[in-house]
Amino acid sequence: MIKLKVAYTRVFNFLIHRYFELRFKKNKEILAKNFENGRFAIEVFSKMGFGANLIWVLEILAFCEEKNLTPYIKFRNPSKRVGATSFSEFIKVQPQNLKSTSVKYAAIRNFSELNFSNLWDYNARLTIERAHFLVKKYIILDPQLLREVNTFEALNFKGHTVIGIHYRGTDKITEAPAVRYEAVLSVMQQQIIEKKKELKFFIASDDQGFVDFVRKNIPESALIIRSLKRSGNGKPIHISFKNYRAVNREALVDCLLLSKCSKLYKTASILSGCSVIFNPQLEVEMLNEPYPEYRFFPEKFLISKPKI
């Protein structure tokens with residue numbers, strides 16, 4: 001069975017590679033025609049997590065804003081998992097009133113495949129204020145999801161000082177130093193001493209072990225924790241979980257709820273970093289910081305002196 005899976009993966013990857021070889025030749029023609037019509041239509045085949053995909057959307061929007069082009073953006077996970085196109089269902093880009101059925105999309109896996117003469121440097125040029133402007137101008141969030149977020153906030157946040165805690169427990173040790181559970185607990189306990197009874201913590205994490213640890217050491221009455229599937233084996237859920245729609249949905253809900261907190265303590269993660277894009281006034285303290293080669297937008301603007 002294992003050999004069969006390995007063989008299937010190799011064949012699948014070969015076909016994807018071949019597909020993009022052919023599409024690479026076609027992209028130039030598609031891009032040129034769309035530029036003539038004042039639009040930029042791009043379909044991104046991405047295995048990245050929700051936060052990284054959202055940053056790519058902002059880079060594309062920054063390009064379109066600069067070039068005065070109408071953006072048409074699709075994201076697709078190159079797998080057979082449920083919800084492979086769900087990112088674009090939850091993050092929609094205006095204008096929605098224009099018919100796009102006849103628009104042809106250039107397909108890429110990374111921006112270098114656009115083959116532009118100038119270097120694609122829009123990540124380096126983004127600021128939190130600029131990203132917030134682009135979100136407000138172009139992005140439409142799923143209305144049903146927004147209602148869920150607002151209802152959750154009203155039921156759980158109202159009347160309390162809510163501090164967000166985001167602990168990324170999977171696949172970040174190559175990008176930033178690991179943070180011990182006990183170190184995060186120390187920060188939380190200090191906040192309890194300072195703010196006392198009115199304080200609650202909204203816990204967002206992909207690590208079930210961290211959630212269990214917090215529940216053992218902090219009173220349940222002080223915790224706000226959503227019921228959802230988390231990783232129990234250290235593998236990132238955006239790669240290992242089969243229902244990609246659920247992964248994208250829960251990531252966006254967590255990101256928006258973190259943006260509504262009074263303050264956010266976070267480990268290195270683009271997902272929670274995106275919370276400041278939705279709320280630029282959010283106070284953020286990093287519990288670690290990415291290694292120099294991984295300091296991209298928006299994390300690079302959140303680094304000062306790590307709390308621990």
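Visitor: What should I know about the model before starting?

Guide: It is predicted, with local features needing pLDDT of at least 70 and side-chain atom pairs counting only at pLDDT 80 or more, while totals for chains, interfaces and linings use all residues. Residues are numbered from 1 along each chain as its sequence is written, and side-chain values use heavy atoms, with hydrogens and water left out.

Visitor: How are helices and strands named, and when do two strands pair?

Guide: Both are DSSP runs numbered from the N terminus: helices (H or I) have at least four residues and strands (E) at least two. Two strands pair if DSSP finds at least two bridges between them. Here strand E1 (residues 39–45) and strand E2 (residues 70–76) run parallel and are joined by seven bridges. Glutamate 43 stands opposite lysine 74 in E2.

Visitor: Which strands make up the sheet that holds E1 and E2?

Guide: The order is E2-E1-E4, an open sheet of three strands with parallel pairing. E2 and strand E4 (106–108) are at the edges with a single partner strand each, so one side of each has no neighbour in the sheet. From one strand to the next, the twist averages 25°. Angles run from 0 to 180 degrees between N-to-C directions, and axes are lines fitted to C-alpha atoms, for helices over the stretch in contact. Three bridges link E1 and E4, and valine 44 has isoleucine 108 in E4 as its bridge partner.

Visitor: Which hand does the unit of E1, helix H2 and E2 have?

Guide: A crossover is right-handed if, with the strands pointing away from the viewer, the path from the first strand over the helix to the second runs clockwise. E1, helix H2 (residues 50–67) and E2 make a right-handed β-α-β unit. H2 lies across E1 and E2, at about 160° to E2.

Visitor: Is leucine 61 buried or exposed?

Guide: Buried means under 20% relative accessible area, exposed over 50%, and partly exposed in between, with a 1.4 Å probe and protein chains only. Leucine 61 counts as buried because its relative accessibility is 0%. This residue is in helix H2. Contact means heavy atoms within 4.5 Å. Beyond its neighbours within four places in sequence, leucine 61 is in contact with residues including Pro71, Ile73 and Tyr138.

Visitor: What is the strand order in the sheet of five strands?

Guide: The order of this open sheet is E8-E7-E6-E9-E10, with parallel pairing. Its edge strands are E8 (223–225) and E10 (283–286), each pairing on one side only. Strand E7 (residues 199–205) is joined to E8 by three bridges, with phenylalanine 202 opposite isoleucine 224. Helix H8 (residues 208–217) packs on the sheet, touching strand E6 (161–167), E7 and E8.

Visitor: How is a pair of packed helices described?

Guide: Two packed helices are described by the angle between their axes and the distance between the axes. Helix H7 (residues 181–195) and H8 pack at about 45°, with axes 11 Å apart. That makes H7 oblique to H8: angles under 35 degrees count as roughly parallel, over 145 as roughly antiparallel, 65 to 115 as roughly perpendicular and the rest as oblique. Among the H7 residues that meet H8 are Leu185 and Met188.
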